Protein chains: 2
Amino acid sequence: MTNPEVEVELAPLRALVLEQGNLVRELKSNGASEIDIKKAVAELKLRKKILEDRELELTPNVVTFDRARMEDLLKRRFFYDQSFAIYGGITGQYDFGPMGCALKSNILSLWRQFFSLEEQMLEVDCSILTPEPVLKASGHVDRFADLMVKDAETGECFRLDHLIKNALEKLSKDKNATREIKSECEDIVVKLDGMNKAEMAEILNKYKIKSPLTGNDLTEPIEFNLMFATQIGPTGLVKGFLRPETAQGIFVNFKRLLEFNQGKLPFAVAQIGNSFRNEISPRSGLIRVREFTMAEIEHFCDPNQKDHPKFDYVAETRMTLYSACNQMDGNSARQVTIEEAVKSGLVANQTLGYYMARIHQFLLTIGIKSECLRFRQHMSNEMAHYACDCWDAECLTSYGWVECVGCADRSAYDLSQHMAATGVRLVAEKRLPTPKVVSVSEVVPNKQILGKLFRKDAKIIIDALAKLTLDDIKTVGDQLNETSEYSLTIADGNTFILPADTISVKNTNKTVHVEEIIPSVVEPSFGIGRIMYALLEQNFQCRDGDEQRCYFTLPSVVAPLKCSILPLSNNAEFQPFIRKLSQALTKVELSHKVDDSSGSIGRRYARTDEIAIPFGITVDFDTLKKPHTVTLRDRNTMKQVRIDISEVIEVVKELSVGRMQWSEILTKYPLFEQQEVTK
Amino acid sequence: MTNPEVEVELAPLRALVLEQGNLVRELKSNGASEIDIKKAVAELKLRKKILEDRELELTPNVVTFDRARMEDLLKRRFFYDQSFAIYGGITGQYDFGPMGCALKSNILSLWRQFFSLEEQMLEVDCSILTPEPVLKASGHVDRFADLMVKDAETGECFRLDHLIKNALEKLSKDKNATREIKSECEDIVVKLDGMNKAEMAEILNKYKIKSPLTGNDLTEPIEFNLMFATQIGPTGLVKGFLRPETAQGIFVNFKRLLEFNQGKLPFAVAQIGNSFRNEISPRSGLIRVREFTMAEIEHFCDPNQKDHPKFDYVAETRMTLYSACNQMDGNSARQVTIEEAVKSGLVANQTLGYYMARIHQFLLTIGIKSECLRFRQHMSNEMAHYACDCWDAECLTSYGWVECVGCADRSAYDLSQHMAATGVRLVAEKRLPTPKVVSVSEVVPNKQILGKLFRKDAKIIIDALAKLTLDDIKTVGDQLNETSEYSLTIADGNTFILPADTISVKNTNKTVHVEEIIPSVVEPSFGIGRIMYALLEQNFQCRDGDEQRCYFTLPSVVAPLKCSILPLSNNAEFQPFIRKLSQALTKVELSHKVDDSSGSIGRRYARTDEIAIPFGITVDFDTLKKPHTVTLRDRNTMKQVRIDISEVIEVVKELSVGRMQWSEILTKYPLFEQQEVTK
């Protein structure tokens, strides 16, 4: 990846990143104020972006790639296209046509084989419609939002940070702007990333910012939650959302899954399904959409035991890692084996490392190019507060490096949140090396008296008492001793005064053989649409000397169709052979396409290349003679061999599942030398 | 299916249905009033129900089936369970656990093979979130609704027809009710099915019906649309729904799909995906839910050419058909070949018949019992107004006969609707036997003058002119002749007066070689959850003499896991064999489960039976000796054979994909006679 000439160009930009990275470190170690650190981090990000943009400009395949040409092909051959186009279309929603759908379904079935089956994961399929309390506990109701303002008259929406940035940049570029104004504006733009709603509202007012399209007044800032809201059931009282990720469905089923696994840790759960995010302004094709398919794994393990029994199998996997440290220093990504990365502590533990290596292997198998794949570590300021290490598998596209798979150690965050919200103990039992004696405190309610005193509230009180923590129970004891009553405040804010005869605190000693632990979760999360997009881009090619003839070099294992069957012409004698070949391919479950339309054979080959069909069987006049033979063509090299009709199906099957390579075919069968005619 | 003793019991009930069926026919042929026909049909339905209920009571397997026991097993081994249970759960939503998810995914992948691959269908994957105009055109916004009322104070919801029915039945049973009141109430109950909102509101008022739970007042009747509504994008202006069926995604992509098929008819499009219906009160487990997976096929064909090239392959398929005529006459369903059914005109055409036969074959392949499967024809009064014939594949369960697959000839309805709504021509071209000359009329706008006169409205006017029908164009010509202007009313109701110099009508003759046709659609539509439920029920068994040991006789092709591997005990010497067997099964892509937990071998067999694992390999002390052998066990017969460890994987593979039967195994390998110990 590194080229000395390119490095000379990049050296000064790398130095600028390093300088700023060091400043951030210094501020942090000196305990500088939060706003100063944020400002420095914003500048660091800016410098990183300048470095990365320049790096990409100097990358040859990014320079030559013609996105418009590829998009035209994807549309024309209906890999995918905008949904509801005859109704004007909806941005951020796509329909997958026959080729896109087959590609997606092949990727998913390989994923199942590669992850679920290989690791004997528990695969689940959970509801999409999710009631509010679940997403309240997960943090999505409160935090999964962007700030926006609306044009007070037209209702047009703007993302608030983008709006302020554009307005102030315009202001500071105005020729009448004083130096003071300029520096004030620049200062705000740098700090925007860390500002809250009130601070941004103040800036709107101070600079009298109006709607950029109409000049109309703007509304106050609104927190726009990115989840699609709806109501479940007819009452209008049960608020629900379309899930923004599939993971929560797994966490809420943790108890059932642990039980299914006979109570044992570690185990992994997989789920493939759709999620939804109501983006304010979706763009970049399949990369930022409102409806998307994810494949997620939640690997539950003992927080103190994150080694992985199969780590040795992947230890030698060589990967491109772009550590947080390298990012702060302006260095480029480095190639290391995952074993070195885990040993040196760069990757937090074996389980995380194991999954990173498996993700790497999976992406290469489906056709991602190794030179266009890196794992980037989240820097401490971009990591979710609950994660202890997080690496994104990023694929290089014409949009830059795009996050396609996230791989995070989420610690015990999610299970703890749902446990706190429901009172259900989402824990596993771990056998202690030696039994131990513990003192147990519990509040024992006198149900009869409570029932008489509090009637229908008695149940609420008893439930609340059962949820008290050890500290709470100590308080109960103390209060009862001092005042002969205990004042219990429940979740909805109501308070009940419980006289001494209604409850008592019981302390006992108990010998325990197990301890309860909340498992840690390692989560590899695949964005299938993004992976597909990167895969298509990285496999898009045009024939040398004929830019009009484009094709995709997708590996046969994921190619939408495995084989084409083409009669050389519309001679009726070819038909029985075509029919038999088609039936034989169906029998061995190979998807294929017969193209008996008019048009030269070369033109029809070009059509099959466009939809990435890796192999093509042609029936010609020699086929009619005995022994019956056909030609077999390879998409990537356009080479053909002559092969007996009785053998060809088995050969295509072996090639398609990857048990045989085209190079072997060339050594076994005679080359068929006929010029392809393009027109 | 027929049993003389049972028939004696049923004869009088059949006679009552026949009598009423004849009455309905007579009323219709005499042109009786709509309300009289409705009343007679309601009575017919009632009598049919009494007949069917009695028929089911006399069916032996329905009598012995223990639903509670099966549901307990499904929950305990997490086939599926209520979603979000730790949050109190949501009715009508289910999560599929590892076993349910694997079963579902096996059914779907077999479906793909059986339909998509075999017929070379175009499979698509369309958006779930659907903007309002699409579902307005399809009729769902206006008609996909139930009437309900709310308790004015608590907000509790009631389906209006159920509420009135219950209230009036109670009223007429009251001991003070006069004969007049009684007969009035009964009359209303019979007519309810055909009443509109205003009529029902009147009844609410007349009988002063209150909330049955609280006695509170009720709101006015509300049309409750069964679609989940949400907003797409941040403005709140784009109303959208979760799709209530997957079919519309295919129709709106018709042009792209026709083009993909190079303009040729017929072709079929398949889609597997989730749909959503906000049921007012979901119940009956998986049978009526709010979120469900469908697999739908839309087969587009020439309306005048509905024969099917592969019909001969299925002609001999013998199926149980329950025709509309048999239903009206009180007769039972009849077994006929699909060839007879199409020839006699009972099934409308070959294409519909072909799909019915394929659905039949598919359901038997996955394990539906032929004696518990019938195809019921919709009677004319229950058929959607656009369909020309419709048959439901119904599976017998403890809930009665449940519709699992619909198979309808939808004619050109959907494409016509979307064409009318968008102005996009959703048609195919059909070559004429001989070219013909047609006169063509079009309105030619003078864009320059229109632009000057109407400015920004000019485009709207020109677009509207292009959409005028032949009749409209004739009117334009007439108006221009008479008044020298034309008054154009556009979709939003605005009217523009167009002077004679802005438009002219051009009539020309044109030789055409093709005609445009709107294709007919034959739609097989599979409810995957319902099929799964029926499949589980029909395959649920308990061991003779041990009612506690339940199992599912699912065919291996859909069984969640194909094989178990059990060490006889926890002897460490077994471990290397277990590991090798597991790796070998993974290599040939066979899902399996190692159960090395403590517990007797019999108990562990019982556990694997519960999750329907068809084959089990046991490693015992003889395995340690050379030549290494294991035992292989069949779930259904509980028989075991002794087999060489080097052969067992291949044998299990052959058994699992159905290339070999257990009966063959018994002839090839020595029986292993060891008593299973249950405890």
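Ring pairs join A:Trp111, A:Phe114, A:Phe115, A:Phe362 and A:Phe526 into a cluster, where rings of Phe, Tyr and Trp (its six-membered ring) pair if their centres lie within 6.5 Å, and planes under 30 degrees apart count as stacked, over 60 as edge-to-face and the rest as tilted. The model is predicted, so that local features need pLDDT of at least 70 and side-chain atom pairs count only at pLDDT 80 or more, while totals for chains, interfaces and linings use all residues. Residues are numbered from 1 along each chain as its sequence is written, chains are lettered from A in the order in which they are written, and side-chain values use heavy atoms, without hydrogens and water.

Over all chains, the count is 44 aromatic pairs. The pair of A:Phe254 and A:Phe267 is stacked, because the ring centres are 6.2 Å apart and the planes stand at 20°. A:Phe254 belongs to helix 12 (residues 254-260) of chain A and A:Phe267 to strand 10 (residues 267-276) of chain A, 13 residues apart; helices (H or I, at least four residues) and strands (E, at least two) are DSSP runs, numbered from the N terminus. A:Phe254 is buried at 0% relative accessibility, and A:Phe267 is buried at 5% (buried means under 20% relative accessible area, exposed over 50%, partly exposed in between, with a 1.4 Å probe and protein chains only).

A:Phe115, a member of the ring cluster, also has the charged end of A:Arg358 over its ring, 5.9 Å from the centre. This term requires NZ of Lys or CZ of Arg within 6 Å of the ring centre and within 35 degrees of the ring normal. The charged end of A:Arg642 likewise sits over the ring of A:Phe672, 5.4 Å from its centre.

A:Glu516 and A:Arg425 form one, at 2.7 Å from N to O. A:Glu516 lies in strand 20 (residues 503-517) of chain A, and A:Arg425 in the loop between helix 17 (413-422) and strand 17 (428-445), 91 residues apart. A:Glu516 is partly exposed at 42%, as is A:Arg425 at 46%. A network of salt bridges links A:Glu52, A:Arg374, A:Arg376 and A:Glu394.

Chain B is superposed on chain A by a rotation of 180° with 0.0 Å of shift along its axis (RMSD 0.2 Å), fitted by least squares on the C-alpha atoms of residues with pLDDT of at least 70 in both. That is the relation of a two-fold axis.

How values were computed:
A salt bridge is a side-chain nitrogen of Lys or Arg within 4 Å of a carboxyl oxygen of Asp or Glu.
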